[in-house]
Amino acid sequence: MVDNQKRIARWYFGGVASSIGISVVGMTRKIIKEDGVLTLYNGISASLLRQYTYTLTRFGIYAFGQQVMDTSSMSRKVALSSVAGFIGGLVGAPGDMLNVRMQNDVKLPADKRRNYKHAIDGLVRVCREEGPRHLFNGAGVAALRGMLMTVGQIAFYEQTKDVLIENFGFKKNMNTFIFASVVSAVTATMITQPFDVVKTRRMSARPGEYSGLGDIFIKTAKEGPMAFFKGSIPAFTRLGPHTVILFLTLEFLRTHFGYMPAEK
């Protein structure tokens, strides 16, 4: 087991771990009562598309970067995770937009719902009805949000884990992984929530509703500073368990299916 802890995660483990970590939280009872059990599966295909584009990209880039640069310091972890998250946000923008639209459909009046059948249907309809460029509505914000999320999740998880093990004598076990993942989830929620609010409004907007990102920021700011933090508790309720499951799964995959580093 000690030797197994030296194994290195493969580049695609992040995407696999994140897709396993998808869970249904929040308005479950209300959704079941008003729209039926099958509504819980709205957005699942889009969520999977997002995980296998956005999350796979950012974790893959970070895993590759760890092999070619020194990530022992927090500043280097932040730098690498920032690049990985920004690129991942751009790559995953279409899946992210569809995920937002499909999950928000249930909150809209029946006559205003888009009723995408699944993620592929959503991609086709957006291209046909709005134009391909609309697949990247809010891509800039999604990239910035991806950068901050990856810093909050990966950099803070790795740094917290390293500090606990190297400075406080923690073992590489589940308790350490859970503690580090909770710290990363809290951090990620705090620094990404303002971008989540803007991103969701941009991706959910009908054509012409906003003139641009600046317009969204201005209109949101008029509601008060705390408008940027609406939904923080539900966001952590969703992100916290997902982050814990993600990193526990990632550590399991790394320990049992990772590869040993080449001998120097």
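Reply: Here is the context first, then the core, then a few spots away from it.

Keep in mind that this is a predicted model, where local features need pLDDT of at least 70 and side-chain atom pairs count only at pLDDT 80 or more, while totals for chains, interfaces and linings use all residues. Residues are numbered from 1 along each chain as its sequence is written, and side-chain values use heavy atoms, with hydrogens and water left out.

The protein chain has ten helices and zero strands; helices here are DSSP runs of H or I with at least four residues, strands are E runs of at least two, and both are numbered from the N terminus. Of its 264 residues, 47% count as buried, where buried is under 20% relative accessible area, exposed is over 50% and partly exposed is in between, using a 1.4 Å probe and protein chains only. Take the contacts (heavy atoms within 4.5 Å) between residues at least 6 apart in sequence: 77% of them join residues at least 24 apart.

Now the core itself. A nonpolar core means a set of buried Ala, Val, Leu, Ile, Met, Phe, Trp, Tyr and Cys residues joined through side-chain atoms within 4.5 Å. The largest one has 15 residues, and Phe 59, Phe 247 and Leu 250 touch the most other members. Two or more residues each come from helix 1 (13-20), helix 3, helix 4, helix 7 (139-167), helix 8 (174-204) and helix 10 (232-257). Helix 10 gives the largest share, four residues.

Setting aside neighbours within four places in sequence, Leu 250 is in contact with Phe 13, Gly 14, Ala 17 and Phe 59. A second, separate core has eleven residues, among them Val 100, Ala 119, Leu 135 and Met 203.

Thr 55 counts as buried because its relative accessibility is 0%. Beyond four places in sequence, Thr 55 is in contact with Gly 14, Gly 15, Ser 18, Arg 50 and Gly 60.

Just after helix 7, Gly 169 takes a positive phi of about 70 degrees.

Finally, the two ends of the chain. Lys 6 sits in the segment before helix 1, and counts as exposed because its relative accessible area is 51%. Lys 6 and Arg 254 are 248 residues apart along the chain, yet their C-alpha atoms are separated by 8.9 Å. Leaving out neighbours within four places in sequence, Lys 6 is in contact with Arg 254, Met 260 and Pro 261.
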